[in-house]
Amino acid sequence: MPAQVIILDLLQAQHRRVYGAVASALGQHGVDFETRRWWSGWCAAADLVILADPLSLHRPAPSTRVLGQRTLTRRRRLEAVADSGMEIARWAAPQTAEELRSATGDWNGDGVVVKHDWSSQRQGVRFLPFAEIETWPPAGYDLERDVVMELLAEDPRTFKLDLFGGHLLAAWALETVDLRHSEFYRSTTLPIERFTVDAATRAAAEAASVALLAHGVGYASFDYMLSGGRLQLIEINSCGTGRNNPWELWPDLYAETYARAILATLDRLEEIPFYGELKPQVAASLERPPASSPQGYPLSDGL
């Protein structure tokens with residue numbers, strides 16, 4: 001079926017090889033795939049607009065189907081995929097000290113990982129020892145948006161699955177610095193390597209990715225760590241497009257899988273809400289964070 005898909009990417013030059021191959025592959029199926037740097041009125045006529053970065057709240061037209069706008073907070077992302085069948089590291093959103101003690105009583109380790117909704121690239125993610133918790137919540141913690149999670153320290157690697165619309169694009173891993181280390185926010189050490197994900201984890205991730213379409217999420221990166229020899233989800237990055245090494249290292253892989261995923265997504269276009277329907281979620285998720293973080297980290301829009 002003929003269709004027009006537009007991707008907005010301010011840094012599209014970094015992905016030129018990928019986008020060019022995607023356009024060629026989609027063209028063979030009658031799909032016009034264009035890359036642009038910013039929103040304009042002609043985007044409203046496209047069948048689907050994919051954002052490499054979220055736009056301001058009022059920019060997209062209400063009648064446009066848009067994937068990539070920020071619609072979910074950190075807490076809501078976990079809730080949105082809770083029924084997908086994937087294994088998720090134990091987490092909670094305690095309102096009181098009593099709820100915190102009840103939720104974490106059988107967790108491993110001597111503290112919890114506090115994850116602020118606005119965090120990006122580990123800034124705003126911190127280890128909080130139980131011994132340092134005098135009251136709950138701590139300063140700067142948002143009871144409706146932030147979460148605590150069990151620390152998984154069995155293996156230093158983070159395993160990443162990149163998906164779009166229910167289809168796996170690539171699976172790769174890299175070593176990460178332990179959250180208890182003083183410079184844990186320097187989160188990675190190279191190199192990164194591809195790995196073969198087990199069938200059950202892949203199926204659950206793809207089911208979760210399909211569920212996220214209803215929230216306007218197309219491209220998403222799922223982060224896992226090993227616990228008990230099994231991959232457990234610790235994070236979902238649900239807007240943006242991969243701007244990291246995998247796209248540069250394996251452009252042919254991403255071009256092939258991305259084109260296939262977009263085609264499949266066009267077949268289920270009716271499952272993607274119009275932007276006007278998503279706007280209340282966007283408004284809620286784009287609320288600004290506090291003026292400063294509890295640990296003095298620079299703030300960013302929560303991705």
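**Salt bridges and cores**

Biologist: Quick one to start: is Arg90 buried, exposed or partly exposed?
Modeller: Arg90 counts as partly exposed, because its relative accessibility is 32%, between the 20% and 50% cut-offs. Bear in mind that this is a predicted model.

Biologist: Which residue does Arg90 meet in a salt bridge?
Modeller: Its partner is Glu150, at 2.8 Å from N to O. Glu150 is buried, with a relative accessible area of 6%.

Biologist: Nice. What does Glu235 pair with?
Modeller: Glu235 forms a salt bridge with Arg74, with the closest N and O atoms 2.2 Å apart. Strand β13 holds Glu235 and helix α2 holds Arg74, so parts 161 residues apart in sequence are tied together. Glu235 also meets Arg77 in a salt bridge, at 3.9 Å from N to O.

Biologist: Are Arg74 and Arg77 buried or exposed?
Modeller: Arg74 counts as buried at 4% relative accessibility, and Arg77 counts as buried at 2%. Glu235 is buried too, at 11%.

Biologist: Changing topic: how many residues are in the largest nonpolar core?
Modeller: It has 32 residues, and Val22 and Phe164 are among those with the most contacts inside it. Helix α6 gives the most, with eight residues.

Biologist: What does Val22 touch?
Modeller: Its contacts include Phe33, Tyr258 and Ile262.

Note on methods. Residues numbered from 1 in each chain as written. Predicted model: local features only at pLDDT ≥ 70, side-chain atom pairs only at ≥ 80, totals over all residues. Heavy atoms only, no water. Core = buried A, V, L, I, M, F, W, Y, C linked by side-chain atoms within 4.5 Å. Buried < 20%, exposed > 50% of the residue type's maximum accessible area, 1.4 Å probe, protein only. Helix = DSSP H or I, 4+ residues; strand = E, 2+ residues; numbered from the N terminus. Contact = heavy atoms within 4.5 Å. Salt bridge = Lys/Arg side-chain N within 4 Å of Asp/Glu carboxyl O. Lists of a residue's contacts leave out its neighbours within four places in sequence.
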